[in-house]
Amino acid sequence: MKVEFSNKKALLSLAIGGFGIGLTEFVIMGILPNVANSLGITIPEAGHFISAYALGVVVGAPLLTSFSHKLSPNRMLLSLMVWFTIFNTLSAFATNYNMLLVMRFLSGLPHGAFFGVGAVIAGKLAKEGKSAQAIATMFSGLTIANVIGVPIGTYLGNQYHWSASFLMVGVVGVCTLASIFYWMPQFKKEEKQPLNEDNKGLKNPELWGLIALTTIGTGGFFAWYSYIAPLLTDVALFSDNVVSYAMIIAGLGMFVGNFLGAKMANIFTPLRSVMISLLAMAVVLIVNAFLASNGILALALTFIIGLIAFSISTPIQMAIINTAKGAEMLGSSMNQSAFNMGNAMGAYLAGLPIAYGYSVTSSSLVGASLAFSGSLIAISILVYRKQKLKKISEPSVCTET
């Protein structure tokens with residue numbers, strides 16, 4: 001019983017870290033106008049701070065995770081969170097565009113590695129058959145950040161000064177450091193695998209199929225989420241202040257969906273669970289494109305889309321870990337890079353029809369196309385697995401020459 005309670009505290013420390021990461025990733029969107037005014041730049045220029053963080057995640061995930069064999073998991077997590085805390089705190093003291101741009105890039109570097117290493121550790125902390133719930137607990141911190149942390153951080157940044165939002169992130173970082181140091185049980189440093197064994201998982205074509213699935217499939221969610229504000233104000237005709245409440249509704253959906261995904265992974269297997277969620281997302285986004293003008297339905301669909309989107313997080317992370325044998329932490333962290341590539345790709349592609357004069361509802365149709373494409377990749381991987389198993393099970397036929 002004591003060990004079980006200790007493991008729950010260890011999972012909580014990972015969730016606190018996830019809360020801090022979710023806070024810094026999304027709070028910038030709510031304080032963007034204030035940041036732009038303070039630094040004397042345009043809002044599109046301030047948007048570069050979002051892109052810089054995402055680029056940091058993409059670069060940092062494989063780069064920093066490559067050090068996982070040199071440090072114990074405990075030291076690795078602590079080192080990543082020290083980096084995270086320092087550069088998010090320094091962001092609060094940025095006095096110009098270039099300085100904040102660099103700080104945002106450096107702040108994003110440990111994001112993917114923390115979730116990548118954390119997902120593997122969460123699986124080790126879980127009881128047998130409970131890995132999905134353990135990983136979902138870690139990701140719950142990110143979803144709670146969208147429900148509670150981002151609204152509070154946005155309020156502080158707008159009410160006082162945008163720097164207060166990043167100071168809040170720094171405080172969460174310190175809390176994460178303390179909780180990992182005191183609550184995380186000691187894990188031994190993993191022995192370095194032979195080079196060919198270490199890279200065996202990375203050579204698996206299934207792994208790269210899953211990375212493509214994450215990038216394209218979750219891009220469907222970000223195609224919708226990136227334009228949620230104009231969708232609600234220009235199509236559903238809500239006032240601007242309703243958008244912040246809609247973000248909380250989406251966050252509640254993400255929170256529920258995170259644990260729903262863990263249940264689905266146990267019932268259907270991780271990859272089948274992802275396929276089902278992506279198909280459901282494609283259907284709901286099409287419905288959203290045609291019904292978003294109805295305010296009540298638009299808010300209801302906001303909850304549903306958030307739920308479906310985050311029902312993918314835990315299953316796809318489990319599928320990656322199961323596939324990247326010998327390189328679980330690296331594969332897991334690379335999946336976080338894929339999420340952020342999906343973020344950038346979804347926002348860009350959804351913006352194209354809007355730029356050509358189409359309604360903002362077109363972003364939902366672009367999202368549906370990406371989600372459906374992701375489901376096709378999932379189906380292809382399942383067929384590939386079935387063919388591979390069939391080939392292995394078939395007896396070899398010897399022919400005389």
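Which residues line the second largest cavity? I looked this up first, keeping in mind that the model is predicted. The lining is made up of Glu25, Met29, Ile50, Tyr53, Ala54, Arg104, Asn340 and Asn343. I get a volume of about 60 Å³ for this cavity. By residue type, I count four nonpolar, two polar and two charged in its lining. Helices α1, α4 and α16 each supply at least two residues here, and α4 has the largest share, with three.

Next, the cavity tally. Searching the whole structure turned up two cavities of 30 Å³ or more. At least two lining residues come from each of α1, α7, α10, α14 (295-310) and α16. The largest share goes to α16, with four residues.

Then the open space. The largest pocket comes out at about 1000 Å³. Its lining has 30 residues, and I noted Met29, Gly30, Ile50, Ser226 and Met247 as the closest to the centre. Met29 and Ile50 were already on my list for the second largest cavity. Elements giving two or more residues to the pocket lining are α1 (2-30), α4 (48-65), α7 (131-159), α10 (205-225), α11 (228-235), α12 (240-268) and α16 (328-355). Of these, α12 gives the most, with six residues. I sorted the pocket lining by type too: 19 nonpolar, ten polar and one charged.

On to packing. Which residues of the largest nonpolar core touch the most other members? I have Phe114, Met184, Leu213 and Phe221, out of 98 residues in that core. Helix α6 (residues 97-125) is the top contributor, with twelve residues. There is also a second, separate core of 14 residues, and I wrote down Leu39, Ile41, Ala94 and Phe166 as being among them.

I went back to Met184 for its contacts. Leaving out residues up to four places away in sequence, Met184 touches Ala10, Ser13, Leu14, Asn74, Leu77, Ile121, Leu125 and Ser179.

Ser179 sits in α8, so I checked that helix for burial, taking buried as under 20% relative accessible area. The buried residues in α8 are Ser163, Ser165, Phe166, Met168, Val169, Gly170, Val172, Gly173, Thr176, Leu177, Ser179 and Ile180. Phe166 is the residue I had noted in the second core.

How far apart are the end C-alpha atoms of α8 (residues 163-183)? They are 30 Å apart, and 21 residues at 1.5 Å a residue should span 30 Å, so the two agree. I ran the same sum on α12: its 29 residues should span 42 Å, and the end C-alpha atoms are 41 Å apart, so I'm happy to write that the numbers agree there too. What follows α12? I find Thr269, whose phi is positive, near 80 degrees.

Notes
Residues numbered from 1 in each chain as written. Predicted model: local features only at pLDDT ≥ 70, side-chain atom pairs only at ≥ 80, totals over all residues. Heavy atoms only, no water. Core = buried A, V, L, I, M, F, W, Y, C linked by side-chain atoms within 4.5 Å. Buried < 20%, exposed > 50% of the residue type's maximum accessible area, 1.4 Å probe, protein only. Contact = heavy atoms within 4.5 Å. 1 Å grid on protein atoms, 1.4 Å probe; cavity = no way out; pocket = protein on both sides within 12 Å on 5 of 7 lines; lining within 4 Å. Points joined across faces, edges and corners; volume = space filled by probe spheres on them. Nonpolar A, V, L, I, M, F, W, Y, C, P; charged D, E, K, R; others polar. Expected span 1.5 Å × (residues − 1).
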